[in-house]
Amino acid sequence: MRDFMIRTDLALEAKERFEGETGWTEALQGVLVETSFLEGTNGSLTKVTILNQEGERALQKPMGIYLTIEAEDLPRPDETYQEQISAELSKQLLTLLPEKDRRSILVVGLGNREVTPDALGPKVVEHLCITRHIRLANLPSFLKKEYDISGIVPGVMAQTGMETYEIVKGIVEETHPSAVLVIDALAARSTKRLNTTIQISDAGIHPGSGVGNHRKALTKETLGVPTISIGVPMVIDAATIAGDTMEHLITALEEANLIQGLSQTMEEFDEEDKRQFILELMDKRLQKMYVTPKDVDASVEQISFTISEAINRAFAV
């Protein structure tokens, strides 16, 4: 029953899952949580800090800071709103990078540009204001800041035959950036967070972990320079949706006095056992299926531009 893992890349959802299973108590000394509201955006900012190994075990995430911006209207093509989100994202990004680490930023767009829900990283790099070549050539510059920005879209192993880590590590050793910024599409536990949430972390990233496709991590420890990740959940696994639907159905049937006691029985299962139970009921062809909103193409285009503008605002112009 334990071989099925809940698919989420969000530390905030890991915290919520821990609350649901054990209750959040002051006894958990390894995790700090702070939440604030973002004026004018109808959104919120949650800071989850994993301080030690106790926190790592509880949330099953590496030590570090995880900043989560939740903005329900993030996919909406409203220029004023998107500018507000970009400004907030830029501000939070700079809080994770000291001034000394901003001299030269390598932006890595993870994912497959041919698969829309996985194209966020490549799209962000496409929209960036790249400046490193201008500095190297000593050309007259319109830039206001003295930061070098370079970008790379390493593709996926099926396209290159190489691990993303191998490509990025080689570039880091050759170009010597002061920091790496990694952009990737994530997996979520909750449908409400699809295309409406941005997570920023100084713990780097494990490419593909949310969909069970584990690759070598891109972190400060593996690359040798500070590594910041920015991700947006674009997919959710079908088993999670089926499980949530079943729970809602059981609740509705009990409220209508058509069945009794089943929800109490389900509450005795932990999260992973519930999902394993759902998998056993599902058609095998659906067990490894991931779902994305039907308007994901428009969302990826809009959100990638918002993120790229935040990076441009922070480092380039």
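Glutamate 13 sits in helix α1, which spans residues 11-22. The model is predicted. In it, the protein has 317 residues, and 50% of them count as buried. The secondary structure consists of 12 helices and nine strands.

**Surroundings of glutamate 13**

- Glutamate 13 counts as buried because its relative accessibility is 4%, and the cut-off for buried is under 20%.
- The side chain of glutamate 13 comes to 2.5 Å from the backbone nitrogen of arginine 189.
- Beyond its neighbours within four places in sequence, glutamate 13 is in contact with Thr8 and also with Ala188, Arg189, Ser190 and Arg193.

**Strands β1 and β2**

- Strand β1 covers residues 31-38 and strand β2 covers residues 43-50; the two pair in the antiparallel sense, with eight bridges.
- One of the residues involved is valine 33, whose bridge partner in β2 is valine 48.
- Four residues lie between β1 and β2, and the two strands form a hairpin.
- In the turn of this hairpin, glycine 40 has a positive phi of about 80 degrees.
- In a regular strand, side chains alternate between the two faces of the sheet.

**Whole-protein values**

- Among contacts in the protein with a separation of 6 or more, 73% are between residues 24 or more positions apart.

How values were computed
Residues are numbered from 1 along each chain as its sequence is written. This is a predicted model: local features need pLDDT of at least 70, side-chain atom pairs count only at pLDDT 80 or more; totals for chains, interfaces and linings use all residues. Side-chain values use heavy atoms; hydrogens and water are left out. Buried means under 20% relative accessible area, exposed over 50%, partly exposed in between (1.4 Å probe, protein chains only). Contact means heavy atoms within 4.5 Å. A polar contact is a pair of N or O atoms within 3.5 Å; within protein, one must be able to donate a hydrogen and the other to accept it, and residues adjacent in sequence count only if both atoms are side-chain atoms. Two strands pair if DSSP finds at least two bridges between them.
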